[in-house]
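Please read them with the structure open.

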Amino acid sequence: MTKNPKIVEKKYLVPFILITSLFALWGFANDITNPMVAAFKTVMEISNAKASLVQFAFYGGYATMAIPAALFVQKFSYKKGILLGLALYATGALLFWPAAQYQAFGFFLVSLYILTFGLAFLETTANPFILSLGSEETSTRRLNLAQSFNPMGSLLGMFVASRIVLAALESDKRNAAGELIFPTLDEASKAAIRASDLMIIRNPYVVLGVIVIAIMVVIASVRMPQSGHANHIHPMQSFRRLVNNKVYREGVIAQVFYVAAQIMCWTFIIQYADNLGIDKATAQMYNIAAMSIFLGSRFISTFLMKYVNSRKLLMLFAIGALVTISGAILIEGMAGLYCLVATSAFMSLMFPTIYGIALEGVGKDATLGAAGLVMAIVGGALMPPLQGTIIDMGEIGFMKAVNFSFILPFICFIVIAIYGYRSYKAQLSIS
């Protein structure tokens, strides 16, 4: 009787643990940055749409560097790709120091852009590396397990944002009526508060930069397996094969919409709560609750995949997300906020499952295929500014604009449900 292959074989356990630790590292960066949209809006006195350029810069860096990262890994190695990624990550984080000194919003955007050059290298390297560490039969479950540590970093990032950054911002203080005091102050008082608040925003990134350098030194001293990058291929030939692969091609599209939905739900939960009179630091606690639900659901969905086809489960979870996001749109008040928080339970399996499904059977094209899926993170750059523009409208007909703006994640979940269904049918047709 043939034994079921293990998710992680003993010989791969150490590299699996080391690479999995990187998932928490970029989770922290993602989720300390999401609340900064609301923070910069107030501190710099800009619109929601302009503040959303934080996400445009952050996720635009992925789109810019994903393919160069894949080509670098093909030519050199996973380890060198990881080390370069960590170096870029640290550089971008440390640039927050001069950005705060100059009080230039554009400088912060450049810093985030460079930081995500590093994240693009790390994700392009780590995801296919995890898939390669064992049987292809367990690859999607293995990636879901590794990705389960991503929200742990995210939770820490959210906690730091809530308790160390947002709670300390003088620009977010309110009067007895719940109205912001900062816009009513004279220019000299505003300048003093702005300088102080930008230092508060700066500090966690600078500390993060130092920690990343330390991690880079540790990984530089560890021997890593050479699997996954040995097959040197012609990029254009690989690109053509991937484009002609329907499941992969549609997977990239689904990933664009998933990342857009995730970033919108987690970024604008603060604006949703603000519309209910909740301050930013308290609103961020709802984001932490959403991420806690996301983390718990990630482990549950990984277990369910042992019994339920991953494609079918993706479709069912997307339908669940459609139900909860509909509540966030249609229900005003705390019940709508609870529905928005609950959406994270259904988002939990989507990124790694789409990733794993899309890369199944691509063989030696996996590295460039991974780059395409990392480039799909550009969805997080494109849609948040559009949602911010909608929120700036105030009201749309009989509905609050902030509620209506979540029609964008609703559309995204429709696309994901269709991908789950189509990939499931495609699998049945060849089995």
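1. In which helix is K79 found? K79 is in helix α5, residues 78-94. Helices here are DSSP runs (H or I, at least four residues; strands are E, at least two), numbered from the N terminus. The side chain of K79 reaches the backbone oxygen of A220 at 3.0 Å. Leaving aside neighbours within four places in sequence, K79 is in contact (heavy atoms within 4.5 Å) with I219, A220, S221, V222, R223 and M224.

2. A word on the basis of these points. This is a predicted model, in which local features need pLDDT of at least 70 and side-chain atom pairs count only at pLDDT 80 or more, while totals for chains, interfaces and linings use all residues. Residues are numbered from 1 along each chain as its sequence is written, and side-chain values use heavy atoms, with hydrogens and water left out.

3. Helix α2 (residues 36-43) packs on helix α10 (residues 187-220) at an angle of about 160°, and the axes are 10 Å apart. Axes are lines fitted to C-alpha atoms, for helices over the stretch in contact, and angles run from 0 to 180 degrees between N-to-C directions. α2 and α10 are therefore roughly antiparallel to each other; the classes are under 35 degrees for roughly parallel, over 145 for roughly antiparallel, 65 to 115 for roughly perpendicular, and oblique for the rest. The crossing of α2 and α10 is left-handed, a term used if the near helix is turned anticlockwise from the far one by less than a right angle, with right-handed for clockwise. On the α2 side are M36, A39, F40 and V43, which meet R194, D197, L198, I201 and Y205 in α10. By class, the contact of α2 with α10 has seven nonpolar, no polar and two charged residues. Nonpolar covers Ala, Val, Leu, Ile, Met, Phe, Trp, Tyr, Cys and Pro, charged covers Asp, Glu, Lys and Arg, and the others, Gly among them, count as polar.

4. S171 sits in the loop between α9 (150-165) and α10. Is S171 buried or exposed? S171 is buried, with a relative accessible area of 1%; buried means under 20%, exposed over 50%, and partly exposed in between, with a 1.4 Å probe and protein chains only. The side chains of S171 and D197 are joined by a polar contact of 2.8 Å. Such a contact is a pair of N or O atoms within 3.5 Å; within protein, one must be able to donate a hydrogen and the other to accept it, and residues adjacent in sequence count only if both atoms are side-chain atoms. Not counting residues up to four places away in sequence, S171 touches T42, V43, L180, F182, I193 and D197. S171 and I193 are 22 residues apart in sequence, and their C-alpha atoms are 6.6 Å apart.

5. The axes of helix α15 (residues 310-330) and helix α16 (residues 334-347) come within 7 Å and cross at roughly 165°. That makes α15 roughly antiparallel to α16, and the crossing is left-handed. The contact is made by F317, G320, A321, T324, I325, G327 and A328 of α15 and G336, C339, L340, A342, T343, A345 and F346 of α16. By class it has nine nonpolar, five polar and no charged residues. T324 of α15 is buried, with a relative accessible area of 12%.

6. Helix α17 (residues 350-359) and helix α18 (residues 366-375) have axes that come within 10 Å and cross at roughly 145°. The crossing of α17 and α18 is right-handed. Y355, A358 and L359 of α17 and A366, G369, A370 and L373 of α18 make the contact. Eight of the 10 residues of α18 are buried, so α18 is largely enclosed by the rest of the structure. A358 counts as buried, at 1% relative accessibility. A358 and V247 are 111 residues apart in sequence, yet 5.7 Å apart in space, C-alpha to C-alpha.

7. E45, in the loop between α2 and α3 (48-51), has phi near 55°, a positive value in a residue other than glycine. Q103, in the loop between α6 (96-102) and α7 (105-132), has phi near 50°, also positive. Most residues other than glycine have a negative phi. E45 is partly exposed at 37% relative accessible area, and Q103 is partly exposed at 31%.
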